[in-house]
Amino acid sequence: MGKPTGFLEYKRETAKVLPPKVRITDFNEFRIPLSREKQKIQGARCMACGVPFCQSGMMIGGMASGCPLHNLVPETNDLVYTGNWKQAYLRLSKTHSFPEFTCRVCPALCEAACTCNLDGEPVATKENERAIIETAFEKGWVQPRIPRVRTGKKVAVVGSGPSGLAAAQQLNRRGHSVTVFERSDRPGGLLRYGIPNMKLDKSIVDRRIRLMEKEGVTFVTSTNVGVDIPARDLLKEYDRVILACGASNPRDIKVPGRDAKGIYFAVDFLGKVTKQLLDSGFEKVPYELARGKHVLVIGGGDTGNDCVGTAVRLGAASVTQLEMMPKPPAERTPSNPWPEWPKVLKTDYGQEEAIAVYGHDPRVYQTTVTEFIKDKKGNVSKAKIIKLKSEKDEKTGRMNMVPVEGSEEVIEAQLVLIAAGFLGSEKYVTDAFKVAVNGRTNVETERGKYETCVPGVFTAGDMHRGQSLVVWAIREGREAAKAVDESLMGYSNL
């Protein structure tokens, strides 16, 4: 359980970060991990409480509390404390496919549900996880797990994001032959082109892809299933198909002037920046996309923050981030008790950098766009914005955000990034495989199951549950793999 009195003796300590004005000069990761000795002290803070919500992954108040992967958190924290790093890695690997991804990009549902968080600061479980997996790679403990026996069964996975990779890893280790199809030029999906390099270095993604290739997984890139390859060909050639294409249909902003040049969906923009960096070996930074421009980011969340941090690095003259909802409270309200996910104000790395560079928080709450204004060449040059207020709909009883009359204003905007979330799966894929979708256009299955209405076709990740976290995608991929294995073999030991 760590040290019985550790949570009383030691304060929470996390990785140091480079100052904002230093780290914005490149696209490198900027966190400096603690030494192993200091990390051991953080493991000592774990209380091994009677009900470890940190590993529960249960839904409370419509939000996840604890890790959806059910990582053995108290056990791994204790092994960190005792310095038994190899055993900690083996324990973590029982439930987790890719700790090196979540320890960088996960919002740490485990820490939010930590008992220490009830009246103090949570155990630094996320950074303990990073120390475990990076130590394991450094020591050479992470080796290809090549199956001794092949089953003769073939599985196609469409999409190489976290859910597709997790499903492919599990099924390959079971002995099935797995081919992963990716429409982009490099595997990784959201991990590759949806998350900036300073948050998840792409060498970390490449390291895992190489390992999976050594294990026997085949990756086919620059191939758009449903366009380049008909769905019927996959269904004919493979025993099972898993659709893990993500919730890649972005929500648009339908206002006058939307057709102006210089307006991008957030993930398209982030992907474009990352691709240019990778193609040039990080020698060419695409400053021309934002340098000297007033940048408007529409939407909050992780993707909106990533857009802010990217625009700052590309030399934007200013960055404004619009959020429709009211500013969250600084602390939990009585209606949002522990161990629910804390709905409190969070200032992430991109916003910190914007504050350091421009002198103020880029976020403007309860505000939305009503029109984009074009210049003579058809480029976006300004945006009309309006304040919103919360108002009850008398018919439905719901609270809606409605415009405040007379609050319109015009702001400079030569680059607009729409980070308003996603609407679900893309129609051409679901049509190609003739799978049913629900009202949110997520691929439909029986509750708690992964096989679609088309026999032999399964689904996982955001395409199945809607836009969510990397950790949920990994869980879905692992569970879909188990469902596929059971359908192929009659049982599963995954």
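Predicted model: local features only at pLDDT ≥ 70, side-chain atom pairs only at ≥ 80, totals over all residues.
Local features are described where pLDDT is at least 70 and side-chain atom pairs where pLDDT is 80 or more, while totals for chains, interfaces and linings use all residues. Residues are numbered from 1 along each chain as its sequence is written, and side-chain values rest on heavy atoms, with hydrogens and water left out.

**View 1. Glutamate 100 and arginine 208 form a salt bridge.** Here a salt bridge means a side-chain nitrogen of Lys or Arg within 4 Å of a carboxyl oxygen of Asp or Glu. In this pair the closest N and O atoms are 2.6 Å apart. Look for glutamate 100 in helix H6 (residues 99-105) and arginine 208 in helix H11 (residues 202-215); the two are 108 residues apart, and the pair links distant parts of the chain. Helices (H or I, at least four residues) and strands (E, at least two) are DSSP runs, numbered from the N terminus. Glutamate 100 is buried at 0% relative accessible area, and arginine 208 is buried too, at 4%. Buried stands for under 20% relative accessible area, exposed for over 50%, and partly exposed for anything in between (1.4 Å probe, protein chains only).

**View 2. Arginine 173 meets glutamate 215 in a salt bridge.** The N to O distance is 3.1 Å. This pair also links distant parts of the chain, with arginine 173 in helix H9 (residues 162-174) and glutamate 215 in helix H11, 42 residues apart. Arginine 173 is partly exposed, at 21% relative accessibility, whereas glutamate 215 is buried, at 1%.

**View 3. Lysine 284 and glutamate 288 pair in a salt bridge.** Their closest N and O atoms lie 3.8 Å apart. Glutamate 288 is partly exposed, with 46% relative accessible area, and lysine 284 is partly exposed as well, with 43%. The whole structure holds 37 salt bridges.

**View 4. Five strands build an open, parallel sheet.** Follow the strands in the order S7-S6-S5-S8-S18; two strands count as paired if DSSP finds at least two bridges between them. At the edges sit strand S7 (218-220) and strand S18 (457-459), each pairing on one side only. Neighbouring strands are turned by 20° against each other on average, direction ignored; the axes are lines fitted to C-alpha atoms, for helices over the stretch in contact, and angles run from 0 to 180 degrees between N-to-C directions.

**View 5. Strand S6 (residues 177-181) runs parallel to S7.** The two strands are joined by 3 bridges. Phenylalanine 181 has valine 220 in S7 as its bridge partner.
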